[in-house]
Amino acid sequence: MKLSPAYYLNEDVVGLAKDLLGKVLFTKINGQISAGIIVETEAYFGIKDKASHAYGGRRTNRTETMYSQGGVAYVYLCYGMHNLFNVVSSVKDDPHAVLVRAIEPLLGKAFMEERRNMLVTKAAISSGPGSAAKALGIDRSFNSKDLSGDEIWIEDHQIYYSDEEIVASPRVGIAYAQEHALLPWRFFVLGNKYVSKPNKV
DNA sequence: TAAATGATTGGCT
DNA sequence: GCCAATCATTTAA
């Protein structure tokens, strides 16, 4: 069930971002397990992507995590208050990553409600990268953690979406990345209410 | 050492 | 729809 370490070595990060839709992201915190189906992702294409923190080969304390071999978590603080969770992919020294932007609550919904202080029936509980991470209890202490460990991992539950249900669109919040801002590297499940806006074709 | 800024969200109008 | 909140990280001096 748990994805094998080899899965994350895929050097086609855009294809991986699409493939991660329907996979199930788990966290176990203080023995409490929660999980959600990944329904929205974005690909960050290593050193050639102006929207990536690793653009141009920039290598700092923060981005060092992305240079790891695929299969670890990259979590960083954005706008001073949101923890964004990414899956590091590809081989060592090739800083590709996939941002998980939304999940559909599957297990441990009571824990999510407690962490988000809202009912799981509200789409906003895990819609958007900051919200999805918070619902699962992910914070910066998860940065660099191995995705094949027992604190955070991803499973394949044989959930597949058809090509008609998967939509590719430009990424969100990266207007500063100029021409790269228009690349259709955001993928989401059409009609799923947990997908952040814009969520229409 | 200091200044600038962002892969956003939620509350208010 | 608009806008404030809030700080780690980066870059420049």
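A base oxygen of DNA strand B sits 2.8 Å from an N or O atom in the side chain of histidine 82. That is a polar contact, meaning a pair of N or O atoms within 3.5 Å; inside the protein, one atom must be able to donate a hydrogen and the other to accept it, and sequence neighbours count only if both are side-chain atoms. Before going further, please keep in mind that this is a predicted model, in which local features need pLDDT of at least 70 and side-chain atom pairs count only at pLDDT 80 or more, while totals for chains, interfaces and linings use all residues. Residues are numbered from 1 along each chain as its sequence is written, chains are lettered from A and ligands numbered from 1 in the order in which they are written, and side-chain values use heavy atoms, with hydrogens and water left out.

By class, the surface near DNA strand B has twelve nonpolar, nine polar and two charged residues. For this sorting, Ala, Val, Leu, Ile, Met, Phe, Trp, Tyr, Cys and Pro are nonpolar, Asp, Glu, Lys and Arg are charged, and the others, Gly among them, are polar.

Around DNA strand C you will find Arg58, Thr60, Arg62, Leu77, Tyr79, Gly80, Met81 and Arg140. The residues near DNA strand C are three nonpolar, two polar and three charged.

| Protein atom | DNA atom | Distance |
|---|---|---|
| Arginine 58, side-chain N or O | DNA strand C, phosphate oxygen | 2.2 Å |
| Arginine 62, polar side-chain atom | DNA strand C, sugar or linking oxygen | 3.4 Å |
| Tyrosine 79, polar backbone atom | DNA strand C, base oxygen | 2.6 Å |
| Arginine 116, polar side-chain atom | DNA strand B, phosphate oxygen | 2.7 Å |
| Glycine 130, backbone N or O | DNA strand B, phosphate oxygen | 3.0 Å |

## Salt bridges

Side chains of opposite charge can pair when their charged atoms come close. Counting a salt bridge as a side-chain nitrogen of Lys or Arg within 4 Å of a carboxyl oxygen of Asp or Glu, the model has ten.

In one of them, aspartate 163 pairs with lysine 18, with the closest N and O atoms 3.8 Å apart. Aspartate 163 is in the loop between strand E6 (152–155) and strand E7 (166–169) and lysine 18 is in helix H1 (residues 13–19), so this pair ties together parts that are 145 residues apart in sequence. Aspartate 163 is exposed, at a relative accessible area of 57%, and lysine 18 is partly exposed at 35%. (Buried means under 20% relative accessible area, exposed over 50% and partly exposed in between, using a 1.4 Å probe and protein chains only.)

Another salt bridge brings together the side chains of glutamate 40 and arginine 186, at 2.7 Å from N to O. Glutamate 40 belongs to strand E2 (residues 32–44) and arginine 186 to strand E8 (residues 186–189), so parts 146 residues apart in sequence are tied together. Glutamate 40 is buried, with 0% relative accessibility, and arginine 186 is buried too, with 1%. Both belong to a network of salt bridges that links Glu40, Glu42, Arg101 and Arg186.

The largest pocket has a volume of about 420 Å³. Its lining has 21 residues, and closest to its centre are Tyr44, Tyr76, Cys78, Leu84 and Leu99. E2, E3, E4, E5 and H3 each give two or more residues to that lining. A pocket is an open set of points on a 1 Å grid over the protein atoms alone, where a 1.4 Å probe fits, with protein on both sides within 12 Å along at least five of seven lines; lining residues have an atom within 4 Å of a point. The volume is the space filled by probe spheres set on the points, which are joined across faces, edges and corners.

The second largest pocket holds about 200 Å³. Among its lining residues are His82, Arg116 and Gly130, and H3 contributes the most, with four residues.

Notes. A residue is near a molecule or strand if one of its heavy atoms lies within 4 Å of it.
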